[in-house]
Amino acid sequence: MEKLNPEKKEEIINSSYQVIQQVFEYSNNLDFKSGLNHYSDDPNAFYINDGVKSSLNDLKKSYSEIGPYVEELQNTIESWNAYVLSQDVVVFTLQVKLKFKLKEKPEMNKRFFWTATVQKQNESWVIVQSHDSNMSSE
């Protein structure tokens, strides 16, 4: 395996983090379908939310069900950490502040850690694994 120097690692991070940034932008604009286009549909890919392991199809179904009820959603990324595993794999851990409002429900604010593994597939970065962990409610 090729040893990556700090400059090459920084180049890989700068290339790969954009997919994460795009997913959060789509989410903040309530365009969940477009955000999920950045997730891998590989059978080995998985996504964990609130302790539940999901496939991409599971995520698509749950977002299509809840999407019409979301009135407001604002993710603010408070910190980024990236670890380059190889030229084609990067793990990100983000600390995120979430403001979330469903129609006819009170607004919710919380902080959570979100970890994602991105992999370069067919010359594009995609999310192949994600996991979130609640930090606190405000």
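**Strand pairing and salt bridges**

Author: Strand E1 (residues 46-49) and strand E2 (residues 52-54) run antiparallel and are joined by 3 bridges. The model is a predicted one. Within this pairing, Ile 48 stands opposite Lys 53 in E2. The two strands form a hairpin with 2 residues between them, and Asp 50 in the turn has a positive phi of about 55°.

As to the salt bridges, a search of the whole structure finds 5. One of them joins the side chains of Glu 11 and Lys 8, with an N to O distance of 3.2 Å. Both residues lie in helix H1 (residues 6-28), 3 residues apart, or about one turn of the helix. Glu 11 is partly exposed at 49% relative accessibility, and Lys 8 is also partly exposed, at 24%.

Another salt bridge is found between Lys 61 and Glu 65, at 3.1 Å from N to O. Lys 61 and Glu 65 are 4 residues apart in helix H3 (residues 56-66), a separation of about one helical turn. Lys 61 has a relative accessible area of 51% and counts as exposed, whereas Glu 65, at 45%, is partly exposed.

A further salt bridge links Arg 111 with Glu 78, the closest N and O atoms lying 2.8 Å apart. Because Arg 111 belongs to strand E5 (residues 108-121) and Glu 78 to strand E3 (residues 70-86), this pair ties together parts that are 33 residues apart in sequence. Arg 111 is partly exposed, with a relative accessible area of 21%, and Glu 78 is partly exposed at 33%.

Technical notes
Residues numbered from 1 in each chain as written. Predicted model: local features only at pLDDT ≥ 70, side-chain atom pairs only at ≥ 80, totals over all residues. Heavy atoms only, no water. Pairing = 2+ DSSP bridges. Salt bridge = Lys/Arg side-chain N within 4 Å of Asp/Glu carboxyl O. Buried < 20%, exposed > 50% of the residue type's maximum accessible area, 1.4 Å probe, protein only.
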